[in-house]
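Me: I have a protein model open and want to learn to read it. Can we go through it feature by feature?

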Amino acid sequence: MASPVDRFRDRVAIVTGGSRGIGRAVACQLAAEGARVVVNYRQAAAEAEEVVAAIRGAGGEACAVQADVADEAAVRQLVRVAARQFGRIDVLVANAGVVRDQLIGIMTLDQWETVMQTNLRGPFLCIREVLPFMMRQQSGSIVCLSSVAANRAGRGHGNYVAAKGGVNALVRSLAVELAPKRVRVNAVAPGVILTEMTQRVRTLAGDEILGEIPLKRFGEPADVARAVCFLASDEASYITGEVLHVTGGFGL
């Protein structure tokens, strides 16, 4: 079995939302382990190019491709560009996500739809578009980013909780559907990670949250990236349909 240094050698990975936070960490970790990486972004072009530059500076191969994962035509083009650039697709990390927190009684339809479109429709569209490549190869690994929120609901997160719960259900269903084609589907559910997305909740209730985390620290993006890369690798070849929690014990 390949060592962690080269376990993705000759493989191609697409990372959605790869310009910052967890996505950036995943893209860099995959590249460090030998993958050629397509760094997807929606608006943060400069940040995406910084990720590509960092990967190339370390001797890896990468390119940045703009696409809104909620846009069917854009996702189709993203996958076509990836295949044309690198010749195959072995790994999809469906990481792109947004939050639009609000109490359900005053949540707007736009707040609901924005979260659903990016966090649930997005993984569906991306998975659907990469499947022809993986099925022809009779191999592939898909890792979706879920959240501890899917099992630990809180006030003001109804749209996000529903979307991530949907991701977990989608992962289980597709794991059964795609196993005969030797395509594995799993998810990683982070807890409170030190990213821009969690800044607001950490500011409002950081001490309270830390009190509920047995390891007594917030997670780093690299903690999640290592879990994603494990599930995407051959070391997890007998794992499919699972949700791996990376939470420091939050919610136990």
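Me: Which residues of the largest nonpolar core touch the most other members?
Reply: A nonpolar core is a set of buried Ala, Val, Leu, Ile, Met, Phe, Trp, Tyr and Cys residues joined through side-chain atoms within 4.5 Å. Buried means under 20% relative accessible area, with a 1.4 Å probe and protein chains only. In this predicted model, the largest core has 35 residues, and Ile-14, Val-38, Ile-89, Leu-92, Ile-142 and Cys-144 touch the most other members.

Me: Which element gives the most to this core?
Reply: Helices (H or I, at least four residues) and strands (E, at least two) are DSSP runs, numbered from the N terminus. Elements giving two or more residues include strand 1 (12-15), helix 4 (109-137) and helix 5. Helix 3 gives the most, with eight residues. There is also a second, separate core of 33 residues, which includes Leu-30 and Val-188.

Me: What should I trust, and how is it counted?
Reply: Local features need pLDDT of at least 70 and side-chain atom pairs pLDDT 80 or more, while totals for chains, interfaces and linings use all residues. Residues are numbered from 1 along each chain as its sequence is written, and side-chain values use heavy atoms, leaving out hydrogens and water.

Me: What does Cys-144 contact?
Reply: Contact means heavy atoms within 4.5 Å. Leaving aside neighbours within four places in sequence, Cys-144 is in contact with residues including Ala-94, Pro-123, Val-167 and Ala-187.

Me: Is Val-167 buried or exposed?
Reply: Val-167 lies in helix 5. Val-167 counts as buried because its relative accessibility is 1%. Beyond four places in sequence, its contacts include Asn-119, Leu-145 and Ser-146.

Me: Where is Asn-168?
Reply: Asn-168 is in helix 5 (residues 158-178). Asn-168 is buried, at 6% relative accessible area. Not counting residues up to four places away, Asn-168 touches Ser-146, Ala-150, Asn-151, Ala-187 and Val-243.

Me: How is a pocket found?
Reply: Rolling a probe the size of a water molecule over the atoms shows where empty space is left. On a 1 Å grid over the protein atoms alone, a pocket is an open set of points where a 1.4 Å probe fits, with protein on both sides within 12 Å along at least five of seven lines; lining residues have an atom within 4 Å of a point.

Me: Which residues lie nearest the centre of the second largest pocket?
Reply: Ser-139, Gly-140, Arg-182, Arg-184 and Asp-234 do, among 18 lining residues. Strand 5 and strand 6 each supply at least two residues of that lining.

Definitions and conventions. Buried means under 20% relative accessible area, exposed over 50%, partly exposed in between (1.4 Å probe, protein chains only).
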